[in-house]
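Dear colleague,

Please read the notes with the coordinates open beside them.

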Amino acid sequence: MASATIPGGDQPTVEAKKKDRTHVLYIAVIAAVILGAVIGLVAPELGKSMKPLGTAFIGLIKMMIAPVIFCTIVLGIGSIAKAATVGKVGGLALGYFIVMSTFALAIGLVVGNFIHPGEGLDLQSSGAAAPAAPEEDGGTVGFLLGIIPTTLLASLTGESILQTLFVALLVGFALQKMGKGGAPILKGIGYIQVLVFRILMMIMWLAPIGAFGAIAAVVGETGVQAIVSMATLMIAFYLTCVLFIAVILGGLLKIVTGFNIFKLMRYLGREYLLIFSTSSSEVALPRLIAKMEHLGVSKPVVGVTVPTGYSFNLDGTAIYLTMAALFVASAMGKPLELGEQISLLVFMIIASKGAAGVTGAGLATLAGGLQSHRPELIEGVGLIVGIDRFMSEARALTNFTGNAVATVLIGTWTKEIDKDQVRRVLDKELPFDEASMNVDAGSGEPEPTEESREVESAVPAAGGRS
């Protein structure tokens, strides 16, 4: 579960070793952003000439939008069907995840509309004119008819992401109806998803070049205002995540269970340090499973809630997607109308599920949302490439905290939690045995329950990184 593996595959060890290389990518992106900003300030004309580098990178990301959306939606729907069969725990967990991720997306829209971080940049797209939106040709009727592709495969090769989403939903629900007969097809799509994510990872190694070109061009064109706007977005995003954890998640935890979220976060302190150093919550998945069981939540609840939550309960990623979309629209001088924002929110609710297992998947989902609503804004994603990595820690920490809180809540609602043990653990009377995580050559992942095996066989492995 700690990596985006082929369903039923056995390659987590190899993947775990390769993750360390992302530190190099992280440092390279930071260096590229700083260098791009310096060149944009010192030599504006030279900075502007670097724009094709950013445009080329966005073109590569755009190329991956349709396959990423298709695979994650089809596998996501299959996962929901499988998880729901686990029983009360699975159904309750999925319902909670959908409500909370929708709420997080809405919070991102509210904050984005309040601070307007991209306002004042007014960067105009220099590319070819965007294709006319379907609604311009025939109002609502034309828009709805435009969602239907000419052929089933045309949705994967055309420029309409809504067509891709429509076909993915049809395929996903059709596979549900096929039952066991659809399992081989679902597994085959899982293999395709691994290939798609592998290509996406290869593209993301070009992120430093893309970030350098995009930042140099933007700073060269707007000067210090670009740096101020991007810094405003990052600070606002971090503050929003902090408030979401302390007020929303903390308040919900206190009301439902009576426990203090800060004590829970103190208990998970080592995991937070691990996530902060890697910008990914998936590295802490085995430890979260072990610690939630030690906290007093029953194994069946932990075995269902934690793995499923890593694909469907991505509060930090949800906040990021909507705030980033509004930032790009404002920066391009083409803010989204309220109706477009609501439509974008619905798109993100569906498209964001299961898309956080690989670096760049979140970026592709963001690009897909903009492409589906306002294709002319797609070039603005280059602005996000440069600062995306700076916001990854907040996303990962928020996703992780959301899953920890969800596990305690689901345990309470299903009466599968020992509250006395929870109090003793949170009050440091019953410390966690760190040696228990070193049983299997550092693997430390607890023996999965029957319920978790069922869910893991269907839910694509995903983490807090996006």
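**Surface, fold and rings**

The protein chain exposes about 18,900 Å², of which carbon and sulfur atoms supply 67%. Please keep in mind that this is a predicted model. Buried residues account for 56% of the 466 residues in the protein chain, and the chain has 21 helices and 0 strands. When contacts between residues at least 6 apart in sequence are considered, 85% of them join residues at least 24 apart.

Turning to the rings, the structure holds 5 aromatic pairs. One of them is formed by Tyr96 and Phe97, with 6.0 Å from centre to centre and 65° between the planes, an edge-to-face arrangement. Tyr96 and Phe97 are both buried, and ring pairs link these two residues and Trp413 into a cluster.

Another pair is that of Phe237 and Tyr320, whose ring centres are 6.1 Å apart and whose planes stand at 70°, so this pair is edge-to-face, the angle being over 60 degrees. The pair links distant parts of the chain, since Phe237 belongs to helix α11 (residues 224-257) and Tyr320 to helix α16 (residues 315-331), 83 residues apart. Phe237 and Tyr320 are both buried.

Elsewhere, Lys291 lies over the face of Tyr267, at 4.8 Å from the ring centre.

Terms used:
Residues numbered from 1 in each chain as written. Predicted model: local features only at pLDDT ≥ 70, side-chain atom pairs only at ≥ 80, totals over all residues. Heavy atoms only, no water. Phe/Tyr/Trp six-rings, centres within 6.5 Å; stacked < 30°, edge-to-face > 60°. Buried < 20%, exposed > 50% of the residue type's maximum accessible area, 1.4 Å probe, protein only. Helix = DSSP H or I, 4+ residues; strand = E, 2+ residues; numbered from the N terminus. Lys NZ or Arg CZ within 6 Å of the ring centre and 35° of its normal. Contact = heavy atoms within 4.5 Å. Areas by Shrake-Rupley, 256 points an atom, 1.4 Å probe, with all protein chains shown as cover.
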